[in-house]
Amino acid sequence: METSNRELQAAEYLERHRIKELVSYLTSALLFFRPEKPREYLISLLERLRIAKVTGVAFPFFMDNSNIVAMFEMMDSSGRGTISFVQYKEALKTLGLCTEDGDLKDDGHIITLDKFKEEVNKRMKEICEKTKGKDSESYQTAAGLLLLH
């Protein structure tokens with residue numbers, strides 16, 4: 001009984017402080033940019049997040065269209081111009097744009113680059129609109145928004 005209560009308290013703490021989102025974002029950024037000195041990079045990233053929160057200055061966008069294309073091309077190793085639904089869903093989860101249980105249903109269609117870009121941009125914009133307003137270009141990244149609020 002004691003363990004269950006402690007586990008519940010731990011889960012509530014992690015949720016309240018959005019620790020899972022933070023760790024997911026840090027891991028995604030680390031794997032995406034693959035810096036030579038990962039510890040220093042993470043420290044720098046956390047410091048930039050802290051400064052953004054304190055000053056109210058927007059955190060820079062994590063994914064622009066060239067990054068989205070590069071991610072898609074890494075998944076499309078055969079160069080067919082499509083990826084599987086599983087790859088698609090995992091990419092969205094990695095970017096923090098899809099929950100573990102997911103809100104996506106496999107409709108049997110292949111995922112093209114255009115569909116992938118459209119979905120990433122749509123989900124980032126939705127997060128921005130929910131938290132700051134309508135103009136996603138002038139606000140923080142979806143991942144940054146999850147961390148700072």
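Which residue forms a salt bridge with Lys122, and how far apart are the closest N and O atoms? The partner is Glu119, and the closest N and O atoms lie 3.4 Å apart. A salt bridge here means a side-chain nitrogen of Lys or Arg within 4 Å of a carboxyl oxygen of Asp or Glu, and by this rule the count comes to one. As background, side chains of opposite charge can pair when their charged atoms come close.

Before going further, a word on the model. It is a predicted one, in which local features need pLDDT of at least 70 and side-chain atom pairs count only at pLDDT 80 or more, while totals for chains, interfaces and linings use all residues. Residues are numbered from 1 along each chain as its sequence is written, and side-chain values use heavy atoms, with hydrogens and water left out.

Let's take the overall plan next. The protein has seven helices and two strands, where helices (H or I, at least four residues) and strands (E, at least two) are DSSP runs numbered from the N terminus. Read along the sequence, they give the pattern α-α-α-α-β-α-β-α-α. Of the 149 residues, 32% count as buried; buried means under 20% relative accessible area, exposed means over 50%, and partly exposed lies in between, with a 1.4 Å probe and protein chains only.

Glu119 and Lys122 are three residues apart in helix H6 (residues 113-131), so about one helical turn separates them. Glu119 counts as buried, at 7% relative accessibility, whereas Lys122 is partly exposed, with a relative accessible area of 39%.

Rings of Phe, Tyr and Trp (its six-membered ring) pair if their centres lie within 6.5 Å; planes under 30 degrees apart count as stacked, over 60 as edge-to-face and the rest as tilted. The structure holds three such pairs. In one of them, the rings of Phe85 and Tyr88 have their centres 6.0 Å apart and their planes at 55°, so this pair is tilted. Phe85 and Tyr88 are three residues apart in helix H5, which again means a separation of about one helical turn. Phe85 is buried with a relative accessible area of 15%, and Tyr88 is buried with 2%. Tyr88 also pairs with Phe116, edge-to-face, at 6.4 Å centre to centre and 65° between the planes. Because Tyr88 lies in helix H5 and Phe116 in helix H6, this pair ties together parts that are 28 residues apart in sequence. Ring pairs link Phe72, Phe85, Tyr88 and Phe116 into a cluster.

Phe72 brings us to helix H4. The buried residues of H4 are Asn67, Ile68, Met71, Phe72 and Met75. They cover an arc of only 135° around the axis (taken from the directions from the helix axis to the C-beta atoms), which puts them on the same side of H4. On the other side of H4, Glu73 and Met74 are exposed. For Glu73 the relative accessibility is 52%. Its C-alpha is 8.5 Å from that of Leu113, although Glu73 and Leu113 are 40 residues apart in sequence.

H4 matters for the next stop too, the second largest pocket. H4 gives the most to the lining of this pocket, with four residues. On a 1 Å grid over the protein atoms alone, a cavity is a set of points where a 1.4 Å probe fits but cannot get out; a pocket is an open set with protein on both sides within 12 Å along at least five of seven lines, and lining residues have an atom within 4 Å of a point. The second largest pocket has a volume of about 270 Å³, a volume being the space filled by probe spheres set on the points, with grid points joined across faces, edges and corners. Helix H2 (19-33), helix H4 (65-75) and helix H5 (85-94) are the elements that give two or more residues to its lining. Of the 13 lining residues, Leu31, Phe32, Arg34, Met71 and Met74 lie nearest the centre of the pocket. By class, the lining has nine nonpolar, two polar and two charged residues, with Ala, Val, Leu, Ile, Met, Phe, Trp, Tyr, Cys and Pro counted as nonpolar, Asp, Glu, Lys and Arg as charged, and the others, Gly among them, as polar.

Leu31 lies in helix H2 and is partly exposed, with a relative accessible area of 49%.

Finally, Arg18 sits in the loop between helix H1 (2-16) and H2. Its phi is near 55°, a positive value in a residue other than glycine.
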